Amino acid sequence: MTLRAPAKLNLCLLLGPRRDDGLHELCSLFEALSLADRIVVTEAERDEVVCPGVAGTNLAAIALAALRGRGWDRPPMRIEIEKRIPVAAGLGGGSADAAAVLRLAADEVEGVEELAAVIGADVPSQLDPGLALVWGAGERVEPLAAAGEHAFVLIPGAEGLSTAEVYAEADRLGLGRDGAEIEQSRGRLREAVGSGASPLDYCELLVNDLEPAAVSLRPEVAGALDVLSDAGAQRALLTGSGPTAFGLFADIVAADRAAAALPPRYAAAIVAGPDSFG
């Protein structure tokens with residue numbers, strides 16, 4: 001069995017106050033991308049998750065163990081992940097892989113949504129990849145109608161950026177909004193997205209409150225944002241906690257043209273559109 005695990009982009013990320021559990025209240029607009037990891041699942045003598053070239057904790061392995069803990073009794077399996085989503089880039093690659101594993105048992109195990117929230121803040125939104133309004137610490141997900149035509153150019157950072165470090169830097173810089181402003185912003189986003197509007201129609205609402213913190217830790221991120229703006233992006237932002245910068249364009253043709261015109265140092269830029277998952 002071959003699975004796809006789409007990357008996610010934060011079209012908008014608003015940072016709220018820190019909660020009692022240490023997490024921050026957020027309001028974000030998530031969109032799944034055509035950029036996706038490829039996952040091959042085969043029967044094996046024992047459960048095994050393999051992700052060549054990626055060290056450390058694997059959220060897909062955690063997801064599989066969590067399903068077994070709920071009594072999932074499919075035969076042992078080998079899950080091999082071919083990484084196409086840059087690692088530690090703010091694109092939710094690990095969460096996408098975990099969500100793909102959880103989807104295997106969606107109709108066989110109760111409480112998959114609860115497991116997703118325990119595994120990671122970005123996992124619940126990727127159980128059903130698409131366009132979604134996300135809030136709380138990421139566990140509250142409201143699916144939205146697919147957006148009108150648009151495309152992206154992504155510039156991954158040369159090295160990853162720790163989410164925890166970015167949030168700590170945001171706290172140090174005093175970034176964020178109060179709870180009432182987060183609530184009001186969520187309403188404005190929901191109204192603007194409507195039934196199929198393109199993000200180009202509400203560019204003014206697309207901001208990332210973590211951007212100053214990421215730039216503080218990785219100053220080169222600012223250069224990537226400037227280059228995307230110079231290439232004609234309608235909006236240039238950071239996704240998640242970074243360090244990937246993205247530019248919003250009218251369509252895939254415009255995105256391809258812009259990527260081709262970037263300076264040679266940005267040869268790793270990726271052109272992607274919204275995902276047509278499902």
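Trainee: Which residues line the largest cavity?
Mentor: This is a predicted model, in which local features need pLDDT of at least 70 and side-chain atom pairs count only at pLDDT 80 or more, whereas totals for chains, interfaces and linings use all residues. Residues are numbered from 1 along each chain as its sequence is written, and side-chain values use heavy atoms, with hydrogens and water left out. A cavity is a set of points, on a 1 Å grid over the protein atoms alone, where a 1.4 Å probe fits but cannot get out, and lining residues have an atom within 4 Å of a point. By that test, the residues lining the largest cavity are K8, F30, E31, A32, S125, Q126, P129, G130 and A132.

Trainee: How much space lies in the largest cavity?
Mentor: A search of the whole structure finds 1 cavity of 30 Å³ or more, and strand 2 gives the largest share of its lining, 3 residues. Strands here are DSSP runs of E with at least two residues and helices are runs of H or I with at least four, numbered from the N terminus. Grid points are joined across faces, edges and corners, and a volume is the space filled by probe spheres set on the points. Counted in this way, the space in the largest cavity is about 40 Å³.

Trainee: Which residues lie closest to the centre of the largest pocket?
Mentor: A pocket, unlike a cavity, is an open set of grid points with protein on both sides within 12 Å along at least five of seven lines, and the largest one has a volume of about 1,000 Å³. Strand 1 (2–18), strand 2 (24–43), helix 2 (93–104) and helix 4 (163–173) are the elements that give two or more residues to its lining. Of the 46 residues that line the largest pocket, the closest to its centre are G92, S95, D122, T163 and S241.

Trainee: Why do the buried residues of helix 1 count as being on the same side?
Mentor: In helix 1 (residues 59–69), the buried positions are A60, A63, L64 and L67. The arc is that of the directions from the helix axis to the C-beta atoms. These residues lie on the same side of helix 1 because the arc that they cover around the axis is only 95 degrees.

Trainee: Which residue caps the N-terminal end of helix 1?
Mentor: A polar contact is a pair of N or O atoms within 3.5 Å; within protein, one must be able to donate a hydrogen and the other to accept it, and residues adjacent in sequence count only if both atoms are side-chain atoms. At the N-terminal end of helix 1, a side-chain oxygen lies 2.8 Å from the backbone nitrogen of A60, and the residue that provides this cap is N58.

Trainee: Which strands do the buried residues of helix 8 pack against?
Mentor: The buried residues of helix 8 (residues 252–260) are A254, A255, A258 and A259, and they lie on the same side of the helix because they cover an arc of only 135 degrees around the axis. On the other side of helix 8, R257 and A260 are exposed. With contact taken as heavy atoms within 4.5 Å, the buried residues pack against strand 7 (151–155), strand 9 (245–249) and strand 10 (270–272).

Trainee: Which residue has a backbone oxygen 2.9 Å from a polar atom of the N208 side chain?
Mentor: N208 lies in the loop between helix 5 (179–193) and helix 6 (211–217), and N208 counts as buried at 6% relative accessibility. Leaving aside residues up to four places away in sequence, N208 touches L13, L237, L238, T239 and G240. The backbone oxygen at 2.9 Å from the side chain of N208 belongs to G240.

Definitions and conventions. Buried < 20%, exposed > 50% of the residue type's maximum accessible area, 1.4 Å probe, protein only.
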